[in-house]
Amino acid sequence: MLLKDKLRETRRQRDLTLLQVSEATKLSVSYLSDLERGRTKPSLDTLGRLAAYYDLSMVDLLASVE
């Protein structure tokens, strides 16, 4: 699975919108959308914010990612 797909799947499994994730993580909706479309690569800080918001470790967030 690609990282972009893992990020989208994780968000959708929690029934969250990009706006909800954006407000909680202080990352813009457009940036989150670009991440989920594979248009940009996240920094470790960004991955950390997303993992914390989804209540996952970074290892769990990146599990099964190519």
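Because the model is predicted, local features need pLDDT of at least 70 and side-chain atom pairs count only at pLDDT 80 or more, while totals for chains, interfaces and linings use all residues. Residues are numbered from 1 along each chain as its sequence is written, and side-chain values use heavy atoms, with hydrogens and water left out.

**View 1. K4 and D5 join in a salt bridge.** A salt bridge here is a side-chain nitrogen of Lys or Arg within 4 Å of a carboxyl oxygen of Asp or Glu, and the structure holds 5 of them. For K4 and D5, the N to O distance is 3.7 Å. K4 is partly exposed at 28% relative accessible area, and D5 is partly exposed at 31%. (Buried means under 20% relative accessible area, exposed over 50%, and partly exposed in between, with a 1.4 Å probe and protein chains only.)

**View 2. E36 pairs with R11.** Their side chains meet at 2.7 Å, N to O.

**View 3. R8 joins R11 and E36.** Take in R8 as well, and you have a network of salt bridges linking R8, R11 and E36.

**View 4. D34 meets R39.** The closest N and O atoms of this salt bridge are 3.8 Å apart. D34 is partly exposed at 25% relative accessibility, whereas R39 is exposed at 59% relative accessible area.
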